[in-house]
Amino acid sequence: MPPLALVQVNADVFMTCLSHALSTEREEVMGLLIGETGSYAHPVAKVSALLILNRVDKRKDRCEISSEQLVAATSYAETLARSSGRPLRVVGWYHSHPHITVWPSHVDLHTQQSWQAMESTFVGLIFSCFNSDAAHHGRIEATAFQTASDGGRLEVPMEVIPANCHRQSSLSALATLPSTFFQEEREEFRRAQMSCEGAPLIVVHNSAVYTAALCRLLDRVCAPILNTLSARLSRNRLLLQELEKEKSQCLAAARTSKGPPGDHRSTPLQGSSSTT
């Protein structure tokens, strides 16, 4: 199959990926993309769901996907495929670039190349955050890419399309993002406590660092997500009210067009003739 011609990303998936990328400026975060790819002359990847991954190792300049995480994502895609009746599978990955350019690094290109060796249409998305332009305005950038045959960057056009399927799965992923970070912090705290061999001062220090990390989690992840979902709920309620109003107007118009009960008069067909 030839390289991708276009990537279409569900708006809810794009919002969740971006929210994940904005959740931390210290290390890169990542996840896997789920969707389908048409098998024609110019393939288009349609991303309709995602799976946020726990970071095996927190690093500023790279992130890795374990084989267990890939198996879990494949199983999740199969579950969505059965419920939707669509041929869904893992079609790509995404990760963040905090404080650096949106373009893939040589490590990113190598990782992408290894994925493409198994699936030629596999695509990578990068979200660059916490940068500013010359006027010191905040700047967020996103790009889709593949690795060319010579090992260079091959940029793929990307479109963000309205969310019309798997909305629940994408919003559920956003809602569970705090839990993902909590598990990472708890595991890191557990490892730190095991390595200190019970030294009292180190135990107290580790506990303080862990508490500070949880406070940052509440302030920088939980609160923004709660505000986002609350605003979305309010907007959906207003939309529902408008739709209910429109429904009532349509029903009233339908009843009016039928005439009063018992009135079976019909309008003669235009162009009809009578025989005398």
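1. Leu22, Phe130 and Ile140 form a nonpolar surface patch with about 230 Å² of accessible area together. Patch members have over 30% relative accessible area and no salt bridge, and nonpolar side chains are joined within 5 Å; a salt bridge is a side-chain nitrogen of Lys or Arg within 4 Å of a carboxyl oxygen of Asp or Glu. Areas follow the Shrake-Rupley method with a 1.4 Å probe.

2. The model is predicted: local features need pLDDT of at least 70 and side-chain atom pairs pLDDT 80 or more, while totals for chains, interfaces and linings use all residues. Residues are numbered from 1 along each chain as its sequence is written, and side-chain values use heavy atoms, without hydrogens or water.

3. Leu22 lies in the loop between α1 (11–21) and β2. Leu22 counts as partly exposed because its relative accessibility is 35%, the class between buried (under 20%) and exposed (over 50%).

4. The protein has six helices and eight strands, taken as DSSP runs of at least four residues (H or I) and at least two (E), respectively.

5. An open sheet of eight strands with mixed pairing has the order β7-β6-β5-β4-β2-β3-β1-β8; pairing requires at least two DSSP bridges. β7 (153–156) and β8 (158–161) stand at the edges with a single partner strand each, so one side of each lacks a neighbour in the sheet.

6. Strand β1 (residues 6–10) pairs with β8 in the parallel sense over four bridges. Within β8, Ile161 is the bridge partner of Asn10.

7. Buried residues account for 36% of the 276 residues in the protein.

Conventions: Patches are made of residues with over 30% relative accessible area and no salt bridge: like charges are joined within 9 Å, nonpolar side chains (Val, Leu, Ile, Met, Phe, Trp, Tyr) within 5 Å. Buried means under 20% relative accessible area, exposed over 50%, partly exposed in between (1.4 Å probe, protein chains only).
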